[in-house]
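Hi everyone, thanks for making the time today. Let me put the model up on the screen, and then we can walk through a few places in it together.

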Amino acid sequence: MDWENALSYFIPKFINANTENDYFLSLMELTASLKDGHSLLINRKTGVSPNGFFDGNLPIVASPLNGKLFITSILPDTTQAGMLNKLELGDEIISVDGTNIKDLRTYWERYLVASNNAGFEREYYATWFASGAVGSSSNILISRNGTEHDILLKRIKRNDYYNLRGKVVRKVVIPPTYPPYCRILDGNIGYLRMNRLFVKELDSLANMLKDCKKIIIDARGYPRDGKIGTELAGYIAEKQYMVAYNEFPFVTSPDHKKNSIVTDYEIIVPNKNKVLKGKKYFVLVDEGNQSQGEWNIIAIQGVTNATTIGTTTAGTNGMAVTINLPGDYFSFFSGFAEYYPDHTPNQKLGVKIDITVQITLKGMIEGKDEIMEKALQVIK
């Protein structure tokens, strides 16, 4: 939405919001209009939604592929095992409560914050798809082998939904992305799960991988240590690099022409430890990379000719600035813009990817790590 039209569009919505739920939806639409994945709306008391309003989820995981939607996980909810047993992995979801999946997605596009499609789908299918009040029933129409079936399910508490997702057991096909977060794979290939590491561990990890000529840096997920990307890049860098630059708005007037921009350059200084220098790197990425998680990738890309493999990242970078809203709500926005040295923005586009991985339905159902599989194929 154009900035000039925002007030005239949203003021009537808030004036006519007569209930907490109406007010919540108005706030959701307002934050979503920023088209910024940082702008998650949160209530300090109830979390992402008011009690009794879009706070429950169906005990299934749905994943999009080629314009269709498939069941890729059935959660072990013992309270409705009978109905869940009628579902099969790979069933196509046609509609929910009579609304086809395309119209349902269109509805939520007004309310969910995202910088790009990858970020939207991550949030939508992880939390909001077929959401509703806890305990409410929902009829989903599925298609299997050309035959349609109606399945009636009840929504469970969102926390229970997340917990059950974590209990789904899958056969591990490719080296898991779980502990240990640093190890040596077959073929003397090094592996680092960067976003689960801490800077204080880098000396010992570098020594562990000193004889590996090829190293996979798995950058997927959000970092536990906010400095890990910058510091690891320093271990890899053989000289000083300018890997990105940031533009900070200096706002003094609602008239854009009267404002200015301050530019700051991101410099990586080489660490004295030489063990990780001069190796070939492969960086793994996906839609879970956002903000600091994207910066980590940009830092590594900027100091080496790494091959980046994966799927489009969230395209949401630049320091989340808090906005306090009436009614115990708050949200965020990206406070500055980040660019590669060639002026390519990170916002909306995500990080640069050399090899895009096409995720398959079979892979999703079987829990395969197809990004890791592709990396090992490329390396060998």
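Let's begin with N188, which sits in the loop between strand 10 and strand 11. Strands here are DSSP runs of E with at least two residues, helices are runs of H or I with at least four, and both are numbered from the N terminus.

Before I go on, a word on the source: this is a predicted model, where local features need pLDDT of at least 70, side-chain atom pairs count only at pLDDT 80 or more, and totals for chains, interfaces and linings use all residues. Residues are numbered from 1 along each chain as its sequence is written, and side-chain values use heavy atoms, with hydrogens and water left out.

Back to N188: its phi is near 60°, a positive value in a residue other than glycine. Most residues other than glycine have a negative phi. N188 is partly exposed at 36% relative accessibility; buried means under 20% relative accessible area, exposed over 50%, and partly exposed in between, with a 1.4 Å probe and protein chains only. K35 also has a positive phi, of about 55°, although it is not a glycine. You'll find K35 in the loop between helix 2 (20–32) and strand 1 (42–43), and it counts as partly exposed at 42%.

Strand 10 and strand 11 (residues 189–193) run antiparallel and are joined by four bridges; two strands pair if DSSP finds at least two bridges between them. Within this pair, L185 stands opposite I189.

Which order do the strands of the sheet take? The open sheet has six strands, in the order 10-11-12-15-16-20, with mixed pairing. Strand 10 (182–185) and strand 20 (355–356) are at the edges with a single partner strand each, so one side of each has no neighbour in the sheet. Helix 11 (residues 370–379) packs on this sheet and touches strands 10, 11, 12, 15, 16 and 20, where contact means heavy atoms within 4.5 Å. The direction of helix 11 makes about 160° with that of strand 15 (280–285); axes are lines fitted to C-alpha atoms, for helices over the stretch in contact, and angles run from 0 to 180 degrees between N-to-C directions.

On to the rings. How many aromatic pairs does the structure hold? There are 20, counting rings of Phe, Tyr and Trp (its six-membered ring) with centres within 6.5 Å; planes under 30 degrees apart are stacked, over 60 edge-to-face, and the rest tilted. Y107 and W108 have ring centres 5.4 Å apart and planes at 85°, so this pair is edge-to-face. Y107 is partly exposed at 30%, while W108 is buried at 2%.

F248 and F336 make a tilted pair, with centres 4.6 Å apart and planes at 40°. F248 belongs to strand 13 (residues 241–250) and F336 to the loop between strand 18 (329–334) and strand 19 (337–339), so the pair ties together parts 88 residues apart in sequence. F248 is partly exposed at 27%, and F336 is buried at 15%.

Last, two lysines. The charged end of K352 sits over the ring of Y340, 4.6 Å from its centre, and K280 lies over the face of F282, at 5.6 Å from the ring centre. The cut-off is NZ of Lys or CZ of Arg within 6 Å of the ring centre and within 35 degrees of the ring normal.
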